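Here is a short briefing for a first look. Start with the display below, then read on by topic.

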Amino acid sequence: MTIEAKLDNLESQLKNVIELLQISITSLNTKKAVSKFLNRSEKTIDNYIKNNVFVENKHYFINENEKIEFIPTAILEFKKNPKSKIKIIEIEKEEKIQLSEISSKFLKGLI
């Protein structure tokens, strides 16, 4: 088999794989399919929607039957990009002042 024939065969196989991937990706439009694909529970998907981790009209939309329908390419991108899943929560630390023994006794005497 010549190199050209091998390349043609490889290209044909690659086209078949792309078609199969497109078929499987289009099935990522339900909550159940998305939760299975992301390996998360359906409740987590609900929380993603509630907490705006999934953005309306980017990751999902409301269809004509008033049901949530997910956008497969956005879900795929969400899985590939872990930074889009991380929310940074800043916790303010309360500063505590350590008083000396003399200052402590003095303040207790005032109160």
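Is Glu11 buried, partly exposed or exposed? Glu11 is partly exposed, with a relative accessible area of 42%. This is a predicted model. Its salt bridges number 2.

- Glu11 pairs with Lys15 in a salt bridge. Their closest N and O atoms are 4.0 Å apart.
- Both residues belong to helix α1, which covers residues 3–25. Glu11 and Lys15 sit 4 residues apart, about one turn of the helix.
- Lys15 is partly exposed, at a relative accessible area of 49%.
- Glu11 counts as partly exposed because its 42% falls between the cut-offs of 20% and 50%.

- A salt bridge joins the side chains of Asp46 and Lys31, at 2.8 Å from N to O.
- Asp46 is partly exposed, with a relative accessibility of 30%.
- Lys31 is partly exposed too. Its relative accessible area is 29%.

**Background on pairing**

- Side chains of opposite charge can pair when their charged atoms come close.

- Gln22 is part of helix α1.
- Gln22 is partly exposed, with a relative accessible area of 48%.
- How far apart in space are Gln22 and Thr73, C-alpha to C-alpha? They are 9.8 Å apart in space and 51 residues apart in sequence.

Note on methods
Residues are numbered from 1 along each chain as its sequence is written. This is a predicted model: local features need pLDDT of at least 70, side-chain atom pairs count only at pLDDT 80 or more; totals for chains, interfaces and linings use all residues. Side-chain values use heavy atoms; hydrogens and water are left out. Helices (H or I, at least four residues) and strands (E, at least two) are DSSP runs, numbered from the N terminus. Buried means under 20% relative accessible area, exposed over 50%, partly exposed in between (1.4 Å probe, protein chains only).
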